[in-house]
There are 2 protein chains.
Amino acid sequence: MTRPDCADVAAALLAPPDGGFRLADADPGARPFFADKSDAAASLKDDAKAIDRLQNALYAEREQALLVVLQGIDTAGKGGVIRTVFNDTGPRGVRVAPFGKPTDLELAHDYLWRVHQVVPPKGFIGVFDRSHYEDVLVVKVRNLAPADAVERRYDQINAFERHLSENGVTVLKFFLHISRDEQAKRLRARLENPDKHWKFNPGDIEERKLWDAYMEAYETALQRCSTPWAPWRVTPSDSKTRRNALIARVVRGTLENMSPRYPSPGWSPDDYVID
Amino acid sequence: MTRPDCADVAAALLAPPDGGFRLADADPGARPFFADKSDAAASLKDDAKAIDRLQNALYAEREQALLVVLQGIDTAGKGGVIRTVFNDTGPRGVRVAPFGKPTDLELAHDYLWRVHQVVPPKGFIGVFDRSHYEDVLVVKVRNLAPADAVERRYDQINAFERHLSENGVTVLKFFLHISRDEQAKRLRARLENPDKHWKFNPGDIEERKLWDAYMEAYETALQRCSTPWAPWRVTPSDSKTRRNALIARVVRGTLENMSPRYPSPGWSPDDYVID
């Protein structure tokens with residue numbers, strides 16, 4: 001198995017924090033690092049196990065948390081990433097927060113209010129299935145808030161993520177980048193396969209018509225919110241297995257860099273007799 | 001592979017709702033149903049996959065939820081059950097709620113306040129890692145509330161669980177039953193294995209000294225709170241694989257009885273062209 005360095009993968013996917021990211025330069029069909037699909041699958045499997053071990057140490061240490069933000073257009077594969085990268089760690093160590101249409105109560109607060117509530121506690125991995133970025137994506141594309149309010153959000157989001165990173169929460173953000181053609185294939189599969197009908201939402205077709213506006217909004221978010229403390233990674237996602245394997249490499253490398261330590265006990269085994 | 005009926009396992013583990021349960025009649029070392037360990041492991045593996053499939057239907061349907069309550073003395077294996085029975089379903093479909101010592105805010109409310117907040121939403125499986133039963137277990141044994149207040153809680157808990165079951169939440173409760181000797185073995189393993197030191201809490205030894213008081217409190221809870229709408233299952237848990245396999249059988253059977261249905265779409269595939 002070829003196994004690229006976690007750091008090399010993280011660097012290759014990075015949207016530069018200087019604001020220079022251009023979506024046109026990122027190929028959603030790229031197949032970097034892994035020789036073939038089975039190579040990617042083997043790497044993924046191994047990394048998923050390592051992530052489980054590392055989260056165990058994170059939990060024992062209870063000093064820091066990891067927040068993984070997943071964003072992508074419909075069918076980009078957020079669910080597939082969660083399942084393949086995080087199922088080995090499991091629901092006791094990973095907390096998934098899905099962000100749907102805000103409720104009335106949520107709308108009565110600022111847009112980060114509901115987000116802050118579900119930031120993972122120390123010891124845990126949190127995964128955002130969509131996130132506060134919807135507030136500069138769908139909200140911008142569909143004009144759900146005044147343009148000047150949306151404009152201020154990029155800096156607000158950067159400040160919020162900086163706050164998290166200064167308080168023990170490492171923030172990793174992945175844009176699952178698929179092509180317009182690949183989305184067509186996946187939507188058609190939902191239509192053609194009765195087992196996938198429940199996943200198909202006629203509204204997805206309306207969203208698809210706004211493809212260009214969404215891509216423009218993504219590009220802006222990736223330009224303005226890829227920061228040294230919370231960088232964006234642009235993950236070529238037309239190939240599912242490679243997408244999962246790349247993300248797993250970055251997550252594993254990040255956890256290794258966080259180097260969670262098992263605490264030394266304040267006691268010696270000889271202090272105790274169990275009878 | 002021998003495969004006992006889910007219903008037979010559920011019936012065998014049942015603490016009778018007539019209040020007649022006696023802990024002395026339940027053998028934590030019992031090895032019912034599975035011929036051997038590999039038989040239990042195969043059944044478990046298959047059931048974990050089925051539970052994943054069933055949760056998917058539950059999510060598509062969005063009409064009902066399953067709440068699994070896990071209780072047991074230290075080392076009884078709540079974490080092991082979560083990992084083996086629910087990791088295949090994963091953190092997107094399973095929400096684990098751990099109940100530790102209540103915070104000041106939680107103590108400023110009635111004891112079911114924090115519990116109600118984390119009842120799983122429709123479409124999800126919730127797992128309680130400890131639960132409101134601590135309010136008639138540790139609270140009773142350590143006199144953390146007035147005896148007459150604790151005495152009223154059994155009926156209050158029954159009313160609360162009835163409310164849930166009448167509102168789309170199926171409640172399954174498992175007591176992970178281990179022997180005093182088995183706990184000694186597991187605590188010693190934590191002392192002897194440096195990798196497990198972080199799991200050892202000197203307080204566990206203090207709790208162990210109260211073994212008889214805890215068992216009496218469990219017996220009372222299992223007598224008074226095993227109801228037709230939220231029955232207790234007493235799971236022999238000295239053998240880990242068998243414990244996991246028995247619980248998986250009951251969870252699977254319960255989900256099958258809930259028979260979640262994929263909704264029929266309000267559209268025909270021919271209505272749409274993806275271009």
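I began with A:Arg22, which forms a salt bridge with A:Asp25, their closest N and O atoms 3.6 Å apart. My rule for a salt bridge is a side-chain nitrogen of Lys or Arg within 4 Å of a carboxyl oxygen of Asp or Glu. I then looked up accessibility, calling a residue buried under 20% relative accessible area, exposed over 50%, and partly exposed in between (1.4 Å probe, protein chains only). A:Arg22 is partly exposed at 48%. A:Asp25 is exposed at 60%.

A note on the source: this is a predicted model, where local features need pLDDT of at least 70 and side-chain atom pairs count only at pLDDT 80 or more, while totals for chains, interfaces and linings use all residues. Residues are numbered from 1 along each chain as its sequence is written, chains are lettered from A in the order in which they are written, and side-chain values use heavy atoms, with hydrogens and water left out.

I searched the whole structure and found 42 salt bridges over all chains.

I took A:Lys185 next. It forms a salt bridge with A:Glu182, the closest N and O atoms being 3.6 Å apart. Both residues lie in helix α8 (residues 180-192) of chain A, three residues apart, about one turn of the helix. Helices here are DSSP runs of H or I with at least four residues, strands are runs of E with at least two, and both are numbered from the N terminus. A:Lys185 is exposed, with a relative accessible area of 53%. A:Glu182 counts as buried at 13%.

In chain B I looked up B:Arg190. Its salt bridge is with B:Asp204, with the closest N and O atoms 3.9 Å apart. This pair links distant parts of the chain: B:Arg190 sits in helix α8 (residues 180-192) of chain B and B:Asp204 in helix α9 (residues 202-209) of chain B, 14 residues apart. B:Arg190 counts as buried at 15% relative accessibility. B:Asp204 is buried too, at 8%.

I also noted a network: salt bridges that share partners join A:Arg3, A:Asp46, A:Asp47, A:Arg249, A:Arg252 and A:Glu256.

**Helix α11 of chain A**

I checked the span of α11 (residues 240-258). Its 19 residues reach 27 Å from first C-alpha to last, close to the 27 Å expected at 1.5 Å a residue. The expected span is 1.5 Å times one less than the number of residues. Of the 19 residues, 16 are buried, so α11(A) is largely enclosed by the rest of the structure.

At the start of α11(A), a side-chain oxygen of A:Ser239 comes within 3.4 Å of the backbone nitrogen of A:Arg242. After the helix comes A:Ser259, with a positive phi near 35 degrees.

**The two chains**

The same surface serves both copies, since 100% of the contact residues of chain A recur in chain B.

I counted contacts, meaning heavy atoms within 4.5 Å. They put 38 residues of chain A in contact with 38 residues of chain B. The area buried between the chains is about 3400 Å², of which carbon and sulfur atoms give 64%. Buried area is the accessible area (1.4 Å probe) that two parts lose on being put together, summed over both. In chain A, A:Pro91, A:Trp198 and A:Ile274 lose the most area to chain B, together 23% of what that side buries.

I found four salt bridges between chain A and chain B. The side chains of B:Asp129 and A:Arg92 meet in a salt bridge at 2.6 Å, N to O. On the side of chain A that touches chain B, α8(A) gives the most, with five residues.

**Positive phi**

Most residues other than glycine have a negative phi. A:Arg130 lies in the loop between β3 (125-129) and α6 (138-141) of chain A, and is partly exposed at 22%.

B:Arg62 has a positive phi of about 55 degrees and is not a glycine either. I placed B:Arg62 in the loop between α2 (37-61) and β1 (65-72) of chain B. B:Arg62 is partly exposed, at 41%.

Technical notes:
A polar contact is a pair of N or O atoms within 3.5 Å; within protein, one must be able to donate a hydrogen and the other to accept it, and residues adjacent in sequence count only if both atoms are side-chain atoms.
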